[in-house]
Amino acid sequence: MTVRTLDRFPLPPSAVRESAPGDARENARENALENSRERTAPEAAAPPGLRLTAAQRELWSRPGREQGGATPVSSAQVSAASISATSVTAGPISAAYREIRGPLDPVLFAEALHRTVGEADALRMRVVDTPDGPRQRPIAIEPPGHGFPLCAADLRVTEGMGETGGGDGGEDPEAFRTALTWMRADLVRGFDPDGGPLFAYALFRVGDRRWLWYRRVHRALLDAHGHRLVDRRVAEVYTALAAGEDPGPSPFGRLADLVAEDAAYRASPARERDRAYWRSRLAHPTVGDDDASHTSSDHHRHPHPTGNTFHLDAETTAGLCELAASVRGSRTGLLLAAQALHLCRATGRRDVFLGLPLPGRTGPAALRVPGTVRNTVPLRLAVSPDATLAGLVRQADDAVREARAHQRYRRADLRRDLGLPAGHPALAGPLVDVVPAGEPVAFAGAPSTLHALTPETTGEGAAVTFRFPSGETADEGLRVDTWTDHPSEPQEQRHALHALLTRLPALDPHVPLSALSLVPDEEHERALREGNDTAVPVPATTAIGPFEARAARTPEATALVAGDERLTYARLNARANRLARHLTTLGVRPGTFAAVDLPWSTAGVVALLAVLKAGGACLFSGEGEARGKDSHAIGGPRAAGPYGEPPVPVCALTTASTRSACSAPSAEGPRTVLLDDPDLPAVLAAHPPVDPARALTPHDPAYATRTTDTTRHTVVVPHSALDNRLRWLQHHHPLTPADRLLLQGPSSPDTLAVEVLWPLREGATLVLAAPETGETGTSGNEAADGRASGCGADAPAAETGPDDRPDEAGEAGAPVPSPARRVREHGITVARFDTAALRKFLGAPEAGECGRLRHVLTGGEPPDQATADRFTRLLPHTALHHHFGPPEAPSAAHRTWAPEGAAPHGTVRPVWNARLHVLDPALRPCPPGVPGELYIAGTPLAMGYAGHPARTAGRFPADPYGPPGTRMYRTGRGARRRADGGVELLAASDPDGCQGPTGGGEPPGTAPADGAPAG
């Protein structure tokens, strides 16, 4: 392989002779070289001490300007087919390479490049600090062979027929990869800001007729327009030299004139007019729901933008052009409208802001000067569901027309004027650059194509460049370069944008956006399938039946430990049976409800089991709600589900101490059963301790509870949903008889399912916790005489064993140990905490000593990554699980926490027989990466709202993607499906409606909340 040292050096003098076929061309090269040396003398440069333009000052003041480098990418990110898969930091550097296809004389090319640099004042400048601020001063640029910053190398493995042609013109893949590796390494090299120059070039031969011209230039020298001027001039000079002709005078204007024009604008009335326009244009920017989610996920942002490229075929590109013409719009307007629609779908925002890069030059003289005055202005578009694509294109064209008239007012000044924080969507929208098909850049007939290695504008979190083909590539179609700083999004977002652009030509531009299907039907079907293959057959049983079967199989096993009290499965089942039979005499049966308002004790566990054994449903109240003035409202508004009228609870199970916190019960309220009534044991003793008969089915209600939103409606959950949940729990986190589960949460449906029924169905031991440290209270053994703990004739006969140790809170009023200490001392293997309690648990000194813990379950708002990481450090062998679900679909989804980086915060998957749909406002599935509203379908669904059939019908619509007759629940929560099938939870639609992932939410108002246009 012929490879010259990969460092900056000129081609050897011998190459000049070898490459020159005749004396005429040799003389032309020598004359051009001598002329270029004269032009690069410092005296011929721009006047010393030039001020910086406003754009240059912004770039030169960026942190780390001295390094002027970029972060390299791994070799795994570099494709031999395209550099577009690289990931670099734009910083103050602009880097790209131009692929030249055809014969090229490298010596003539070096001369053309050096001559062009001599003509461009900006490239011959260095920036120095002076008492009056930074100034540009000229430097001498040495000619090729004498220090000119040009690296050249022939990287071919096998040489062709000649130095300037021959072979099949093909590319050497290994040479191409070597060149890309070198470019990647060069991106981190710094410039000397004091000595200069602030640019570097390279020329690599990667095929017999294939060359790569690489450039790395400090952004303070040239903007995108300046690079285009320089590239065209290098090609023009090379073509002339190759023909033995004089390239003619430089077409460039003087940098001093550009600086003077920029300074004059900043002191002119025109700047004030532009300022007033932009302040009016950006008045009252709105922020969408998804902004909160992006803010909360900033820790997932990557410090270096990731670039990707895709191409549209020529037919699709032609279709886009025809579509633009049909609505009397421009191609630029159509692509801006498409990007606005894509961003609306990706974020849920209707008030969309894009960044529009403009040259910052308004006069013909300024357009001839290579330099840096480019500006990115905000483009504000309203994407409403009733708008049409044609209207959106016209809106974009009008906005661009107005922006061009006010393009010189700096975005940095506008941010200060408006007082907006850095990163505000109004001024940090993704940059969208549409590069029209311009005059092709050819080197003596050899065409070329530009490939960007960094975004063309620095400081953008996301950017997209649309490049129309020109010249030799006119038949290749539109090229789209995308950049993002969210490493988890590029593939999904690129796929969504590609699908949108591909589908646009076939759509009716005059139909409202909400009615448009912007993705193919196969995308909808794939979105429905991914992650929702959860069907698992389960027996048609109730939630209480397996407990009774367990008590019959292992009667002498320990079921419950409360302080120094210990109950076997047989004794616990007997007490619950006696109370259940008593409740039956009070009217509790399948389809009825019994309110439960008890502190956790043996009595509380017995009461819950008894209600279910009698066939009734437990009616839970929110915190403190059962102690309201209207006692018949214990457990909330009256239970229902399918009922047209809200039935009152048949009875309320409580204690005298609990009821004393309330006013006297109403005569119309439910009958109260005081479990600490001294006469109750005698009443219960009259009933046999065997399982009562009941006509209970899986479709009957198991419990009812209030929603977490402001409406506080009561939702009813059937036995089938509760049993499905318990069977899934046992499958994914299997309990054994050796497990001990801590019962510590408030009386709630989650406590009933996870902390009571689950362990008692599987033969594990339930351990009752005392109140939190600092509180006072009584433990489960406070009433060994049966008034609060026994609920049966055999209550006084509490059993104790050698393994039972009294809790340190055994005495009333004594402080009790922390949760971590209780877990350690009781040998707990499974525990459940909400997020706040989990943080408190991890903060205790004993947390790291809880080595017997196998599983920790969380509900409500998911733990943040810091909490999860702390958990992993303290308990590396304990699994952390989060269960998600509103009261209307409890624990319908889950996530098992993994080390940082495994999945985004809030990503969940459905449990058995549950389906998670992410739908647009038209109830069409959103493809991966596109946010929508989360709907839950399947077995976990509740029956509905008590006494509110209309509301039940509205919030539980028919599931158009499930079996006939099935329903789904509208959560009111934003979500997006990921490529791996998981669902990422976003911000709730209504702060009062969805309390984090627990949901139960009510979107704004009672009607469905409007969302993004169709997905």
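How much accessible surface does the protein have, and what share of this surface belongs to carbon and sulfur atoms? In this predicted model, the accessible surface comes to about 37,900 Å². Carbon and sulfur atoms account for 52% of that area. Of the 1015 residues in the protein, 60% are buried. The chain forms 26 helices and 34 strands. Contacts between residues at least 6 apart in sequence were also examined. Among these, 74% join residues at least 24 apart.

Helix α12 covers residues 389–405. With 17 residues at 1.5 Å a residue, α12 should span 24 Å. The C-alpha atoms at its ends are 25 Å apart, which agrees with that expectation. Several residues of α12 are buried, including Leu 389, Leu 392, Val 393, Ala 396 and Val 400. Asp 397 is buried as well. An α-helix has 3.6 residues a turn, so residues three or four places apart point the same way. The cover over the buried residues of α12 includes helices α8 (269–281), α10 (314–326) and α11 (331–347). Strands β8 (351–358) and β9 (375–382) also contribute to this cover.

An open sheet is built from seven strands. Their order is β20-β19-β17-β18-β21-β22-β32, and the pairing is mixed. The edges are β20 (671–674) and β32 (944–945). Each has a single partner strand, so one side of each is left without a neighbour in the sheet. Within the sheet, β21 (residues 701–706) and β22 (residues 714–718) pair in the antiparallel sense over five bridges. Thr 705 has Val 715 of β22 as its bridge partner. Helix α21 (residues 719–732) packs on the sheet and touches both β21 and β22. The direction of α21 makes about 65 degrees with that of β22.

The structure contains 16 aromatic pairs. In one of them, the ring centres of Trp 182 and Phe 204 lie 5.1 Å apart. Their planes meet at 70 degrees; the angle is over 60, so the pair is edge-to-face. Trp 182 sits in helix α5 (residues 173–186), and Phe 204 in strand β5 (residues 199–207). The two residues are 22 residues apart, and both are buried. Tyr 945 and Phe 956 form another edge-to-face pair, with 5.7 Å from centre to centre and 65 degrees between the planes. Tyr 945 belongs to the edge strand β32. Phe 956 lies in the loop between α26 (949–955) and β33 (968–977). Tyr 945 and Phe 956 are both buried. Ring pairs also link Phe 109, Phe 148, Phe 199, Tyr 201, Trp 213, Tyr 238 and Phe 443 into a cluster.

Methods: Residues numbered from 1 in each chain as written. Predicted model: local features only at pLDDT ≥ 70, side-chain atom pairs only at ≥ 80, totals over all residues. Heavy atoms only, no water. Helix = DSSP H or I, 4+ residues; strand = E, 2+ residues; numbered from the N terminus. Expected span 1.5 Å × (residues − 1). Buried < 20%, exposed > 50% of the residue type's maximum accessible area, 1.4 Å probe, protein only. Contact = heavy atoms within 4.5 Å. Areas by Shrake-Rupley, 256 points an atom, 1.4 Å probe, with all protein chains shown as cover. Pairing = 2+ DSSP bridges. Axes fitted to C-alpha atoms, helices over the stretch in contact; angles between N-to-C directions. Phe/Tyr/Trp six-rings, centres within 6.5 Å; stacked < 30°, edge-to-face > 60°.
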